Amino acid sequence: MSLFLISTSRNISSLYRQRFLSFTPRLLSSNQYNNDIIQAKKQLKVNPSSAKQSPRLRRYHYYVLSIATGALIGTIYALRQVRKHEGSLPEYVANPELLERKAMEARPLPPPVTKHITFDAPPRKNFPFNITLYQFVTCPFCCKVRAYLNYNRIPYDIVEVNSVTQKETKWSLYNSVPIVVIENEQIQLNDSNMIISAIESYLRQPTQTFKNIMKLYKSVVEKDQKGNLIFNYPNRYFIIEPLINDQLEVIKEEQKPIVNNQTESFFTRFFSRFFSRSISQSDIDSKKLQNEPIYKPKSNEENEYERQWREWVDNTFIHVISPNIYCTLRQSLNTMHWFSKVGEWEEIFPWYQRWIFIYVGAITMRGLAIYLKKKYNLNDNVRISLYACGNEWVNSIGEKDFHGGSEPNLADLNVYGILTTIQGSEAFQDLMDNTKIQPWFKRMKNLVELHRIDTSIMTIIECTGCTLIAYGIPFSMFVFTIAHHPFRVIIAMTSAFFWLLSLLLSSLLWFAVVPLRNQLGFAVPFAVLFQEIFRYLFYRVIKKAEFALQKVQMQELTEKGMVFDRFAVAYAAGYGFGFISGTFAIVNVLSDMTGPGTIGIFGHSQDFFIATAFLTLAIILLNTFWGVVLFTSLDQGGIHQYLGPIVVVLTHMLFSCLTLFNRTTRPIYSISIITGYVILCGIIVYALFLRGFNIRQRLNRQ
């Protein structure tokens with residue numbers, strides 16, 4: 001094409017040259033014309049050598065022009081293809097650890113724990129980290145993680161994620177479950193296989209920190225066309241031995257056994273010393289540890305065999321589950337009802353949403369089952385594919401008790417976790433009846449679920465005990481000193497109303513001061529001042545009522561049990577203040593005691609609930625005798641008229657501010673509790689002194 005264009009340009013140039021030569025005679029004279037013609041002809045006569053070089057130069061220009069034209073066309077074509085397929089190629093995210101660290105910083109604290117799983121035996125191997133599991137209760141991958149943790153008896157907290165809004169995991173870049181958070185080091189673990197492999201790697205060879213384990217499981221993060229992040233873990237099926245410098249020396253069995261929890265708390269030691277005749281927990285744990293099988297390192301062949309079957313679970317077995325539990329519309333509906341029961345949807349969703357999830361979800365999942373059956377080339381009768389997988393698993397076990405031999409391996413736990421997902425469906429029962437997998441499943445269930453504690457019973461017992469600690473003495477005080485006197489009951493109820501007014505005004509002030517809204521150091525002093533102001537206002541109201549009651553016939557008051565006693569009025573007024581204050585202090589804690597579990601809430605002390613119970617008792621008793629001191633000192637006059645209110649305000653402020661130590665990462669409950677009861681003893685002595693109580697006279701009378 002380029003040669004054709006060049007030849008055409010040559011012909012056109014020669015034509016214009018001839019026209020020019022024919023036009024010039026008209027402008028020039030004939031002699032000049034002849035001379036020019038002669039000169040032009042001489043110039044047209046070129047040397048032979050130059051005539052030979054001219055075509056070569058022309059060809060060179062042609063080649064250069066052709067190459068440039070081809071490069072231009074190729075560049076345009078390549079750019080069009082790149083734009084056409086732009087976004088289809090994966091875009092890898094650099095430094096994903098930084099993104100995960102920022103996501104962890106945005107995680108709400110403390111997490112909304114819905115259940116705490118604990119065990120009546122120590123862990124099979126020491127795992128000194130607190131775990132929080134974000135899950136769907138019916139998710140098969142979450143069931144795999146739970147089965148692994150339950151088998152190894154590793155305590156963990158559960159955060160049940162709303163399957164629709166997923167607000168509990170909005171902070172995470174990983175848009176799926178399960179998610180495990182190592183609370184001690186604020187590390188996020190994603191993907192069920194990676195979670196199991198990472199924890200198993202630590203159990204087989206402990207490291208100084210869990211971050212040393214996470215260095216072995218680097219994530220490859222991609223970004224799709226919509227901007228969503230896709231996390232891949234190439235090593236998720238591998239149990240990796242950490243670096244030698246990162247390894248932690250394992251304590252020999254002859255030495256003191258390791259217990260998963262931290263050292264026994266102050267209250268545990270205190271109550272076990274005085275109220276328990278049994279042996280210590282460490283002795284119990286050491287005896288249980290002696291019965292545990294000794295861990296033997298696995299060979300490379302065993303690890304490879306285990307890894308192959310773990311991959312089989314994810315690549316083959318799990319794909320036959322959904323088409324079987326949703327194989328008909330009726331079974332799909334029964335499965336959704338089972339999920340509603342297990343997932344406690346009645347407590348999470350309103351009735352109309354639950355109805356949509358069950359019935360619309362059953363139809364949707366039925367359509368999904370048809371799609372999955374075609375995608376994975378399952379038998380038209382999907383039960384046959386399920387039975388085939390069950391028989392394949394049983395044949396791999398052979399004559400052994402478990403796939404791992406005498407003890408389950410990770411493949412055993414994965415298959416068991418998947419089966420627990422469908423335990424309430426018809427497909428599960430058909431699998432048990434038509435294959436030989438049931439004996440293995442029962443053996444696994446006995447090992448995995450044997451030592452798990454029913455937290456509902458445990459929490460009810462704990463709630464009852466803490467309630468009796470907090471309200472046992474105040475309830476007895478009410479029954480024996482107030483309940484039989486209607487006037488004192490009225491005084492107590494009225495004083496409680498005044499306390500509520502002080503709470504309302506202090507709350508309005510707290511809400512109005514926006515910059516200091518999250519600072520308890522600002523809210524506590526003002527709340528104390530408002531309470532004492534309203535205590536004094538109630539005293540003034542009582543004084544007005546006393547003047548009015550003096551005009552009433554005392555005999556009629558006596559018949560009705562309304563004897564006006566200043567000390568009794570002060571006592572009832574203080575009791576009303578204390579009871580309502582203690583109720584507000586512990587009511588939310590009592591609701592948490594009934595469930596989920598209570599030990600190790602977000603890494604806090606085990607003593608949280610029992611410490612709160614003792615603090616509530618101190619608050620009730622202190623407010624009772626603060627009322628006695630304030631009312632009696634104001635009535636008595638003299639120096640006590642000023643000393644009494646000052647003592648009340650200062651001790652109230654001191655005790656309330658000391659409770660701020662309980663909000664630290666490692667709360668020091670002993671400071672506020674011991675100081676509170678020392679203040680209580682001093683206030684009781686001062687109140688008795690104002691009352692005129694003399695211990696010497698009492699002893700002499702006796």
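The exercises below treat ring pairs, charges over rings, a strand pair and a helix crossing in a predicted model.

Residues are numbered from 1 along each chain as its sequence is written. In this predicted model local features need pLDDT of at least 70 and side-chain atom pairs count only at pLDDT 80 or more, while totals for chains, interfaces and linings use all residues; side-chain values use heavy atoms, with hydrogens and water left out.

**Exercise 1.** Classify the ring pair of tryptophan 309 and tryptophan 393, and state where each residue lies.

*Solution.* Rings of Phe, Tyr and Trp (its six-membered ring) pair if their centres lie within 6.5 Å; planes under 30 degrees apart count as stacked, over 60 as edge-to-face and the rest as tilted. The structure holds 26 aromatic pairs. For tryptophan 309 and tryptophan 393 the centres are 5.7 Å apart and the planes stand at 70°, so the pair is edge-to-face. Tryptophan 309 belongs to helix H10 (residues 300–315) and tryptophan 393 to helix H15 (residues 382–397), 84 residues apart. Helices (H or I, at least four residues) and strands (E, at least two) are DSSP runs, numbered from the N terminus. Both tryptophans are buried, where buried means under 20% relative accessible area, exposed over 50% and partly exposed in between (1.4 Å probe, protein chains only).

**Exercise 2.** Classify the pair of tyrosine 416 and phenylalanine 441.

*Solution.* The ring centres of tyrosine 416 and phenylalanine 441 are 5.1 Å apart with planes at 35°, so this pair is tilted. It joins helix H16 (residues 410–421) to helix H18 (residues 438–448), across 25 residues. Tyrosine 416 and phenylalanine 441 are both buried.

**Exercise 3.** Find the ring faces over which arginine 107 and arginine 443 lie.

*Solution.* A charge sits over a ring if NZ of Lys or CZ of Arg is within 6 Å of the ring centre and within 35 degrees of the ring normal. Arginine 107 is over tryptophan 171, at 5.8 Å from the ring centre. Arginine 443 is over phenylalanine 402, at 5.9 Å from the ring centre.

**Exercise 4.** Describe how strand E8 (residues 229–232) is paired and which of its side chains are buried.

*Solution.* Strand E7 (residues 220–223) pairs with E8 in the antiparallel sense over four bridges; pairing requires at least two DSSP bridges. Opposite leucine 229 stands lysine 223.
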